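Good morning, and thank you for coming. I would like to walk through the ligand sites of one structure, one site at a time. Please keep the sequence and the coordinates in view as we proceed.

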Amino acid sequence: MNEINKLKEVVFQFIEQDENVKVEPLGKGHINDSYKVSNGDEEYVLQRINHYVFKNVDQLQDNINRVTNHIRQKLQQQGVEDVERRVLTLVPTHEGALYHKDSEGNYWRITKFIKDSKSYEEINSDLAYRAGMAFGEFQKSLADLPGKPLYETIPDFHNMEARLKTFRESVKADRAGRLEEVADLVKEIEARAVDMCKPEQLHREGKLPKRINHCDTKVNNVLFDENDQVLCVVDLDTVMPGYVLSDFGDFIRTGANTGAEDDKNLDNVSVNLEIFEAYAKGYLKHAASFLTDIETENLAFGAKLLTYMQTVRFFTDYIDGDVYYKIAYPEHNLVRTKAQFKLLQSLEENFDAMQQIVMKAAAK
Ligand code: ADP
Ligand code: GN1
Ligand code: MG
């Protein structure tokens, strides 16, 4: 059976069999594989869940189901129009399950495609401001999610202490024999390690709370309508408890970089303070009402932390021999590591300015 027919067979586990169904690739994430499905009347998004990354698909889908149902209920209570475009909707299988496991052991899910929506790979200040509002509102609307805490779909996902532990194990094992060429960079990582574990320390001291975070706050995870108004936040695999500085920082890491995440030309890479300011203003518009002082004071630190964390994650994967991230060429993870480290240095140089921007935006 060819690839498309296999995909269609999966699709028919969720929707009625129909010879007019079309399936085409969608998006360019590093983790899942996404496809747009249409049958003339309806459109859907089919995703193969990366089971290597998300080990417990029951827990993953349970989280997404709870989160989307909670947001939908709120929107309905608020009398918001167009609720189907303001939150993702999971489509169950004919048996009522939230995912389908095929005969090859792949896991699949379907959501309704949000009509007349688009996401951006590029950014400008306006989009950054709106994305800031979207992620601030997302955290706010999940602050009163009833019941047990959400599962950590990737245990210790944004836990710097845990990431460093894994990194040090990889350095020690040197499984791909790549360590010698990168010894200087290992020193740079170690030089910042204690400072970067500050949030875990503050949490243990009871000073920094965990809230429900998105944990993949990229601009392409926000859907906009035809007038560039925010519709909703997507890519909910990593929604889990965490520090708000993480979500803030990951947006800055991905959105406020003048270069690419994997830029080979490090001269291109630096922090764009206009984007930083726009995002901070948008985010704080909703978030200022629930953040504690210590959370606000650490947002700019979050930008450094998440960039450092991503440097460590790409670096670990390079040292391990490229087992986690999809790569386009053999040195890709090293190029990514160096580009993230360059961004980190720029964030360090601009830290005082960033801190001032946040405190000014929070004071309004
Ligand atoms: P990945 O984990 O690969 O980033 P996403 O869930 O973010 O996967 O999906 C990839 C892209 O597909 C998104 O950036 C968005 O543009 C689009 N997309 C995802 N879900 C939907 C949806 N329900 N409706 C419309 N577009 C969607
Ligand atoms: C992955 O799914 P995607 O490509 O948006 C990763 C993020 C990293 C990012 C690096 C589950 O995100 O944590 O920050 O790549 N997601 C997971 O760009 O590991
Ligand atoms: Mg995504």
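This is a predicted model: local features need pLDDT of at least 70, side-chain atom pairs count only at pLDDT 80 or more; totals for chains, interfaces and linings use all residues.

Around ligand 2 there are 17 residues, of which His30, Glu261, Gln310, Arg313 and Tyr324 come nearest. Helix α11, residues 299–320, is the element that gives the most to the shell around ligand 2, with 3 residues.

Let me turn to the polar contacts of this ligand. An oxygen atom of ligand 2 lies 2.7 Å from a polar side-chain atom of Gln310. For Arg313, an N or O atom of the side chain is likewise placed 2.7 Å from an oxygen atom of ligand 2. The side chain of Lys218 has an N or O atom 2.9 Å from an oxygen atom of the ligand. Ligand 2 taken alone exposes 450 Å², and the protein buries 96% of that.

I move on to ligand 1.

As to its polar contacts, a polar backbone atom of Lys112 is 3.0 Å from a nitrogen atom of ligand 1. A polar side-chain atom of Asn221 is 2.9 Å from an oxygen atom of the ligand. The side chain of Asp235 places an N or O atom 2.9 Å from an oxygen atom of ligand 1. On its own, ligand 1 exposes 550 Å², of which the protein buries 91%.

Which residues coordinate the magnesium ion, ligand 3? They are Asn221, through OD1, and Asp235, through OD, at 2.2 Å. This pair links distant parts of the chain, 14 residues apart: Asn221 sits in the loop between β7 (211–213) and β8 (222–224), and Asp235 in the loop between β9 (230–233) and β10 (240–242).

Is Asn221 buried or exposed? Asn221 is buried, at a relative accessible area of 5%. Asp235, at 27% relative accessibility, counts as partly exposed.

Methods:
Residues are numbered from 1 along each chain as its sequence is written. Chains are lettered from A and ligands numbered from 1 in the order in which they are written. Side-chain values use heavy atoms; hydrogens and water are left out. Donors are N, O and S atoms within 2.8 Å of the metal (3.2 Å for Na, K and Ca); water is not among the atoms, so sites may look incomplete. Helices (H or I, at least four residues) and strands (E, at least two) are DSSP runs, numbered from the N terminus. Buried means under 20% relative accessible area, exposed over 50%, partly exposed in between (1.4 Å probe, protein chains only). A polar contact is a pair of N or O atoms within 3.5 Å; within protein, one must be able to donate a hydrogen and the other to accept it, and residues adjacent in sequence count only if both atoms are side-chain atoms. Accessible areas come from the Shrake-Rupley method with a 1.4 Å probe; for residues, only the protein chains shown count as cover. A residue is near a molecule or strand if one of its heavy atoms lies within 4 Å of it.
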